[in-house]
Each structure stands twice: as C-alpha cells, then as structure tokens.
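Hi everyone, thanks for coming.

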Amino acid sequence: MLRIGLTGGMGAGKSTAARRLVELGAVLIDSDAIAREVVAPGTEGLTALVAAFGPDILAADGSLDRPALAAKAFADDESRQTLNGITHPLVGRRTAELIAAAPADAIVVQDVPLLVENGLGAVMNLVVVVLADVETRVHRLEQFRGISRDDALARIKTQATDEQRRAAADVLLDNNSGAAELERQVDALWEHRLVPFERNLRARTWSPRGEVRLVGPDPTWAAQAQRLIARLAVACGAAARRIDHIGSTAVPDLPAKDVLDIQVTVADLDAADGLREALESAGFPRTEYTADDPKPGTDLAVWGKRVHVNADPGRPANVHLRVDGWPNQRWALAFRDWLRADAAAREEYLAVKQKAAAAAAGLTGEPAVQAYLDVKTPWFDEVYPRVLAAE
C-alpha cells in the first residue's frame, strides 16, 4: 500500500483535502480521531490517565475533561512526558492496526497535524502539505470555528512555520483560493501521481522516463534529496554505512537532468542484495544494473553495485548501492566534491553534458540514456586521474 502523510497548519484546509481524497478512494487514518478514541470511556488509556493525574480529570459523565487534563499535564515537562508516555504508544498501536487492516492496494492517507513537528515524513512514501497565508487562515478560524484572532494567532505560532512545512513537503497544495481550487489540485495529484505511484509500488516497477533533457539548476534539489535520504535510512537501517546525495543535482548552480542520484554505502554486495526487499517495499524497486563502467587501470570486479529506482512518478531518482571503499563508491563522492570546488571543472562538465544531451535528442528510455552515456563515459575516463588527485 501507499502511505501518504497529510498535514497543514490550523485553518489551512487539510480537512478539505482529506475529505476529497476519501471521495476519490483513499483510506483515511485521522490522528486526531485516534487520539480521542484511545482515551474514550472504558479504555485502558483513560484508566491510565486517571491513575496518573487523578479522578478530577473526568467530566460528570465519566468522559475525559480535556481542559482539566491540560491544566495538569502541561504544567511542567515531567507531567507532559507522562501524558505522552501514556497516549503516544496507544495512538501508535491503533494506527498500526488500521494500516494493517487496509487493502494491499490502498492509498492510505494519514492525517497528522504535527507530522512536521514530530519528524514523521521519513516513514511515509510521500508528504502532502496544505498551505494558506496566515491572514487567510485566521479569517477561516474566526469565521468557521469561532476562534478569536488573538487566540488563532497564538495557536498558529506554536506550530511549525511555513518554511518548515515546505522543507518537509513532497507536494504543496495552495489553498488561498478556496475549496474548489484546492479540490482541483487534489484531483490532479490523485490521478497523475498517487494512483500511478501506488501501482508502481505494488508491481515493483517505475514509470517510463522520457527524453534526456537538461534543465536549469533547481535550488530545491538538495532538500528533495534529503527527504529521500531520510526514507532510505529508515528502509536500510544499520546496513547503510552512509547515504549521500551525489551526481549533478548535488552540485549547486549546475544544470542537470531532473533525476536525483543517491548513493547508499554498504559493507559488501551481499549487504546490498539483502536490502532488496526492504527497499522495494519502501518504494524503490531494483533494476538490472549491477556494475559501473570501470575506469582505466582498475579492476572491473570492484566496480560492482546494485541500483534501485524511485517508484514515485513525480520524483525520478536513482539509488546506487556501492561497497565502502571500492573505486566506484569513492569516485561518486570525489567527483561530486571536485565539481563543487572547481568552477572550471563545472564549466567543462556542462559542455560535455550539453553535447551528450544533443546526442540523445529525439530518443526516449534506455536508448536515450545509452546515447547520453556514450558521450559522457570517455570524458569520465579522461578526468578520472584529475579527480583522484584532488580527492
């Protein structure tokens, strides 16, 4: 199944987006609803809260008096930790139960208000953030929830900033223009990204790539790579000795194909093979590529690797698993750092890339990639000693 994290600040319109996703066929898991469910009357959660904070946190009907609990639980750090120690495991357990109960081909949308604050993006396949200007949000909170302006601003200030949400988001939905426009964006997201992503994930494949085309440098490439690195770290666990953003998109101000390259460094190729299931389950199916082209004077045997590809059609990425200390693992890092440090090298490489892109013009898929590499590979062989000298 595909797991989507949905979040946004108060008044941004997250609930509207969630409702539309359910209408389209998503399975919704609402964290706020679960948080209320696990402390309902008769639950172990409510019993534990009463034991920790006293019976005066109960209303006359036996339900939880939330303001009374808040007065005690947020009085100091120790009390807040006690509250979290009771409720968080229960919420996590119930969430896991609901996810396990969803169909294998489901698109599961987890509505998590504090997803950014709690750093949960790494356990999702994709994070969707609904954004709206602060004044728009305040107006909605005043009009539809009866919250005063001062109270609305105070609550918004305690949440993640828009900059933090943008950094965490794979997809941004702009809700400054109202529900109809937001629903149009959700519909497009569903059709063009979520449905094919789920299909790719289930089939352990990826969307075909089109023409090889250089684009101008994107200042968000680094942040996009970091989100993938966080997900790969969860999937690989201790088997990954390090995970790095490599290739042209890791070099600021360098035009490149809009494909991220990530290197996962492992102890040996057996470790790389052992990660296949975890990576494919996380949305990174494996390809048939098993080696890099060796550079002059080196042994082909130590240029072996494994390659996985991002199943997300909206974010093409290659994940290279290479062995720690092998020439191809060192080369990937040294070449990136050489380009970062040497402006003349960047200009030289850009000229080669432009020539390679011209050679691949009009082709798609593997023929395009091969035509592109046929131009670049001889140049890589030529600069190999220069790069190692600068390492």
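Let's begin with a definition: rings of Phe, Tyr and Trp (for Trp, its six-membered ring) pair if their centres lie within 6.5 Å, and planes under 30 degrees apart count as stacked, over 60 as edge-to-face and the rest as tilted. With that rule, the structure holds 12 aromatic pairs.

Two quick notes on where this comes from. What you see is a predicted model, where local features need pLDDT of at least 70 and side-chain atom pairs count only at pLDDT 80 or more, while totals for chains, interfaces and linings use all residues. Residues are numbered from 1 along each chain as its sequence is written, and side-chain values use heavy atoms, with hydrogens and water left out.

Okay, back to the rings. Take W338 and W379: they form a tilted pair, 6.3 Å centre to centre, with 35° between the planes. W338 lies in helix α13 (residues 327-341) and W379 in helix α15 (residues 365-390), so this pair ties together parts that are 41 residues apart in sequence. When I say helix or strand, I mean DSSP runs, numbered from the N terminus: H or I with at least four residues for helices, E with at least two for strands.

Are these two tryptophans buried or exposed? Both W338 and W379 are buried. Buried means under 20% relative accessible area, exposed means over 50%, and partly exposed is in between, using a 1.4 Å probe and protein chains only.

W379 also pairs with Y349, and that pair is stacked: 5.1 Å centre to centre, 10° between the planes. Y349 lies in helix α14 (residues 343-359) and W379 in helix α15, so here the parts tied together are 30 residues apart in sequence. Y349 is buried too, like W379.

Now zoom out a bit. W303, W331, F335, W338, Y349, W379, F380 and Y384 form one aromatic cluster. One of these rings has a charge over it: K295 lies over the face of W331, at 5.5 Å from the ring centre. The rule there is NZ of Lys or CZ of Arg within 6 Å of the ring centre and within 35 degrees of the ring normal.

Next up, charges. Side chains of opposite charge can pair when their charged atoms come close. A salt bridge here is a side-chain nitrogen of Lys or Arg within 4 Å of a carboxyl oxygen of Asp or Glu, and the count comes to 31.

Which helices do E135 and R149 sit in? Their side chains meet in a salt bridge at 2.8 Å, N to O. E135 lies in helix α6 (residues 134-145) and R149 in helix α7 (residues 149-157), so the bridge ties together parts 14 residues apart in sequence. E135 is partly exposed at 46% relative accessibility, and R149 is partly exposed at 34%.

Then there's E348 with R386, where the closest N and O atoms are 3.0 Å apart. This one links distant parts of the chain, with E348 in helix α14 and R386 in helix α15, 38 residues apart. Shared partners also join R204, R276, E277 and E280 into one network of salt bridges.

Let's stay with R204 to finish. R204 has a positive phi of about 55° although it is not a glycine. You'll find R204 in the loop between α9 (179-203) and β6 (214-215), partly exposed at 31% relative accessibility.
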